[in-house]
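Here's a quick briefing to read with the model open in your viewer. Have a look at the helices first, then at the charged side chains.

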Amino acid sequence: MLHCELEKHKDNLEQKVKEQTRDLQDMVERLQCNEEELSVQNEELRVKKEELIVQNEELEDLNLKLIEANRHKNFFLSTMSHELRTPLNAILGFSQSLSMQYFGMLNEKQIEYVNLINSSGSHLLDLINDILDIAKIDAGTVILNIESFCIHEIIEVVNSMIKTQYIAKNITCEYVIDSNISIIKADIRRFKQILINLLSNAHKYSLPNTTIKIEVSKVADNVIKISIIDSGIGIKKEDLKNMFLEFYQTDHTRDQALGGTGIGLALTKRLVLLHHGEIGVESELNKGSTFWFTLPIVDSSG
Ligand code: ADP
């Protein structure tokens with residue numbers, strides 16, 4: 001009996017040893033398989049790393065070429081703009097003298113054509129000046145001349161200047177200026193340029209007999225925000241992200257007919273960024289637009 005049980009126990013044990021040996025063999029096989037997979041994956045990783053290194057080098061190369069191309073573009077633009085401005089100034093000067101009839105009387109047709117030469121010339125000169133400004137800013141050669149000035153005065157001056165160009169539209173301008181803000185610091189010429197661009201767009205795209213609001217408020221201790229709010233034609237949602245791109249116009253035919261070039265906002269953005277400010281737009285089609293910018297350099301009188 002005892003012998004029989006011992007035999008049975010031995011059989012059991014042998015069976016278990018067999019099973020465990022099989023399991024062990026399975027594990028070893030799996031490990032071998034994993035090892036092979038790992039080495040394949042390792043090889044793939046090595047190839048990918050090499051490809052990345054090559055792509056990185058190509059990217060750096062491309063970047064250098066882009067910087068060089070940009071330098072050439074800016075040099076070309078600033079040289080061309082200078083070359084174009086000289087003869088253009090002569091055209092403008094002589095056409096102005098002619099229209100003033102210094103050299104003899106002109107008939108109606110001649111006056112009309114001379115005035116056309118003059119207004120087209122001034123338009124072209126504005127465009128050249130804007131392109132030259134953009135090229136100079138991109139080339140990093142513009143140095144701001146920061147001065148203290150009274151913001152109320154500058155807004156008044158700019159607004160009355162723009163208003164005279166749009167007198168027929170009978171647009172009212174309303175100011176809401178935080179009473180704590182009086183003297184601010186910025187480059188006056190550039191500050192005026194920013195205001196002129198935004199305010200003339202607001203006039204251009206406003207309907208007759210409406211109101212434009214200029215709001216100046218403090219958004220932080222040393223930051224002011226200037227908003228130009230119109231109730232004009234507004235801008236479609238999908239156009240908003242492109243508003244500050246060069247030559248972007250929401251309706252090319254209409255905007256060109258209104259004398260636009262699509263460069264004003266691109267230049268305005270650069271001028272604001274030069275002052276370490278921010279610029280943005282909110283708008284609703286057929287309701288109106290708010291173009292705003294911030295200026296971090298504030299010296300309030302209070
Ligand atoms: P321009 O006015 O010379 O065409 P801008 O760069 O100043 O160029 O403006 C680009 C475009 O943005 C305009 O052509 C117009 O389509 C749109 N835009 C600018 N300001 C306004 C505004 N206040 N309301 C509606 N559309 C505007």
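Helix H2 (108-138) is part of what covers the buried residues of helix H1. Those buried residues are Asn-74, Ser-81, Leu-88, Leu-92, Ser-95 and Ser-97. Keep in mind that this is a predicted model.

**Helix H1, end to end**
- H1 takes in residues 2-99, which makes 98 residues.
- At 1.5 Å a residue you'd expect a span of 146 Å, and the end C-alpha atoms sit 135 Å apart, so the two figures agree.
- After H1 comes Gln-101, and its phi is positive, near 60 degrees.

**Salt bridges, the overall tally**
- Searching the whole structure turns up twelve salt bridges.
- Three of them are picked out below, including the pair Lys-10 and Glu-14.

**Lys-10 and Glu-14**
- These two side chains meet in a salt bridge, at 3.9 Å from N to O.
- The cut-off for a salt bridge is 4 Å, so the 3.9 Å of this pair falls within it.

**Arg-46 and Glu-50**
- Arg-46 pairs up with Glu-50 in a salt bridge, and their closest N and O atoms are 2.7 Å apart.
- Here again the spacing in helix H1 is four residues, so about one helical turn lies between Arg-46 and Glu-50.
- With a relative accessible area of 40%, Arg-46 is partly exposed.
- Glu-50, at 44%, is partly exposed as well.

**Arg-71 and Glu-68**
- The side chains of Arg-71 and Glu-68 form a salt bridge, 3.1 Å from N to O.
- Both residues belong to helix H1 and sit three residues apart, about one turn of the helix.
- Glu-68 counts as partly exposed, because its relative accessibility is 36%.

- An α-helix has 3.6 residues a turn, so residues three or four places apart point the same way.

Notes
Residues are numbered from 1 along each chain as its sequence is written. This is a predicted model: local features need pLDDT of at least 70, side-chain atom pairs count only at pLDDT 80 or more; totals for chains, interfaces and linings use all residues. Side-chain values use heavy atoms; hydrogens and water are left out. Helices (H or I, at least four residues) and strands (E, at least two) are DSSP runs, numbered from the N terminus. The expected span of a helix is 1.5 Å times one less than its number of residues. Buried means under 20% relative accessible area, exposed over 50%, partly exposed in between (1.4 Å probe, protein chains only). Contact means heavy atoms within 4.5 Å.
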